[in-house]
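I opened a new notebook for this structure and wanted to record, in order, what I looked up in it. What do the sheets, the helices and a few single residues look like?

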Amino acid sequence: MIIRCWGARGSIPVSGRDYFRYGGDTTCVEIRTKDDEIIVIDAGTGIRRLGNRLVSEGRFEVSVLFTHSHWDHVIGFPFFKPLYRPEARIAVHSCPLSQGSMERLLAETMRPPHFPVPFEQVQARVDYRGICLDSIAIGGVKVSSIALSHTNPGLGYRFEEDGKSFVFLTDNELSHVHSGGCGFRDYQAFARDADLLFHDAEYTGSEYEAKRGWGHSRFEDALDLARSAGVGGLGLFHHNQDRSDDQLDAMLGRCRELAPDLDCFAVGQDWERRL
Ligand SMILES: [Zn+2]
Ligand SMILES: [Zn+2]
């Protein structure tokens with residue numbers, strides 16, 4: 001599978017000279033499977049550029065998985081151009097038990113007085129499907145899920161194809177168990193021996209104490225998880241909106257000092273890797 005990031009920023013999109021290298025769009029990750037199926041995780045602002053690319057490629061069948069419904073993970077949905085193409089087929093997977101109906105939540109991103117185009121003008125066929133702490137298959141990829149430890153409920157995902165695995169855990173606080181969430185050992189088991197892990201690394205250790213309980217992790221905890229779970233690579237994800245490129249590089253340098261044996265990097269938009 002090929003993993004491609006379209007947005008790795010947390011909370012709110014950012015722009016300007018401080019963010020040129022890692023980018024400012026919010027969460028959107030694309031997976032292209034061995035069979036060239038397209039799986040999208042979250043519809044943050046990064047999904048706009050992904051949609052433009054899919055239209056240019058003439059690709060109109062996608063599966064979209066949602067981690068949760070905070071604005072930074074859904075706000076790009078109305079700007080996903082395939083939505084306005086009648087030939088498009090979009091399968092939306094989410095957990096209605098933890099988030100409420102995703103159909104209703106997405107419709108809210110396109111409702112007056114906040115948005116000019118009503119949800120009813122979506123021309124694509126959008127099918128809503130459940131994934132709730134179980135496993136499903138999308139093409140040849142097995143997708144498993146786990147409850148996030150976050151301020152509102154959500155899901156993390158593990159993708160497996162031909163013995164390769166990618167684990168995506170964002171908006172996940174490893175040092176605090178939120179209602180409905182799991183503990184460190186559960187995430188350790190979920191990420192065990194993955195080839196690649198993307199994990200929330202919103203805070204530094206010194207920033208975290210004032211933000212404990214806000215639903216995000218310090219990068220040191222993400223590093224502990226990656227090392228103890230034996231993953232092949234760790235991508236720091238959900239960058240704080242005020243974290244400049246230089247500050248991210250400093251965080252990355254610290255990760256490499258603490259874990260010189262681990263392939264640690266900061267995920268930026270347009271980052272891509274084949275597993
Ligand atoms: Zn977020
Ligand atoms: Zn969130």
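The entries below go from the sheets to the helices and then to single residues.

**Entry 1: ground rules**

I noted that this is a predicted model, in which local features need pLDDT of at least 70, side-chain atom pairs count only at pLDDT 80 or more, and totals for chains, interfaces and linings use all residues. Residues are numbered from 1 along each chain as its sequence is written, while chains are lettered from A and ligands numbered from 1 in the order in which they are written.

**Entry 2: a sheet from E6 to E14**

I looked up helices (H or I, at least four residues) and strands (E, at least two) as DSSP runs numbered from the N terminus, and I took two strands as paired if DSSP finds at least two bridges between them. An open sheet of seven strands runs in the order E6-E5-E4-E3-E2-E1-E14, and its pairing is mixed. E6 and strand E14 (272-274) are at the edges with a single partner strand each, so one side of each has no neighbour in the sheet. On average, neighbouring strands here are turned by 20° against each other, direction ignored, where the axes are lines fitted to C-alpha atoms (for helices over the stretch in contact) and angles run from 0 to 180 degrees between N-to-C directions.

I then followed His-93 across the sheet. Strand E4 (residues 61-65) pairs with strand E5 (residues 89-94) in the parallel sense over five bridges, and there Leu-65 stands opposite His-93. E5 also pairs with strand E6 (residues 125-130), again in the parallel sense, over six bridges, and in E6 the bridge partner of His-93 is Arg-129. By contrast, strand E2 (residues 28-32) and strand E3 (residues 38-41) run antiparallel and are joined by four bridges, with Val-29 partnered by Ile-41 in E3.

**Entry 3: a sheet from E7 to E13**

I found another open sheet of seven strands, in the order E7-E8-E9-E10-E11-E12-E13, with mixed pairing. Strand E7 (135-138) and E13 stand at its edges, each with a single partner strand, so one side of each is left without a neighbour in the sheet. Inside it, strand E9 (residues 155-161) and strand E10 (residues 164-169) run antiparallel and are joined by five bridges, and Glu-161 stands opposite Lys-164 in E10. Helix H5 packs on this sheet, touching strand E8 (141-147), E9, E10 and E11, and its direction makes about 150° with that of E10; contact here asks for C-beta atoms, placed from the backbone, within 7 Å.

Which residues of H8 are buried? I called a residue buried if 20 or more other C-beta atoms lie within 10 Å of its own, exposed if 12 or fewer, and partly exposed in between, with C-beta atoms placed from the backbone. In H8, Leu-248, Met-251 and Cys-255 are buried. Seen down the axis of H8, its buried residues fall within an arc of 60°, so they line one face of the helix; the arc is that of the directions from the helix axis to the C-beta atoms. Asp-246, Gly-253 and Glu-257, on the other side of H8, are exposed.

The buried residues of H8 pack against helix H7 (219-229), strand E12 (233-237) and strand E13 (263-266). H7 itself is mostly covered, with eight of its eleven residues buried, and just after H7, Gly-230 takes a positive phi of about 70°.

**Entry 4: the core**

I looked for nonpolar cores, that is, sets of buried Ala, Val, Leu, Ile, Met, Phe, Trp, Tyr and Cys residues joined through C-beta atoms within 7 Å. The largest has 70 residues, and those with the most contacts inside it are Ala-191, Leu-197 and Leu-236. H7 gives the largest share of this core, six residues.

**Entry 5: two single residues**

Is Ile-31 buried or exposed? Ile-31 lies in strand E2 and is buried, with 24 other C-beta atoms within 10 Å. Leaving aside neighbours within four places in sequence, Ile-31 is in contact with Met-1, Ile-3, Ile-39 and Phe-159.

Arg-59, in the loop between helix H1 (47-57) and E4, is partly exposed, with 15 other C-beta atoms within 10 Å. With neighbours within four places in sequence left aside, Arg-59 is in contact with Ile-38 and Leu-54.

Terms used. Two residues are in contact if their C-beta atoms, placed from the backbone, lie within 7 Å.
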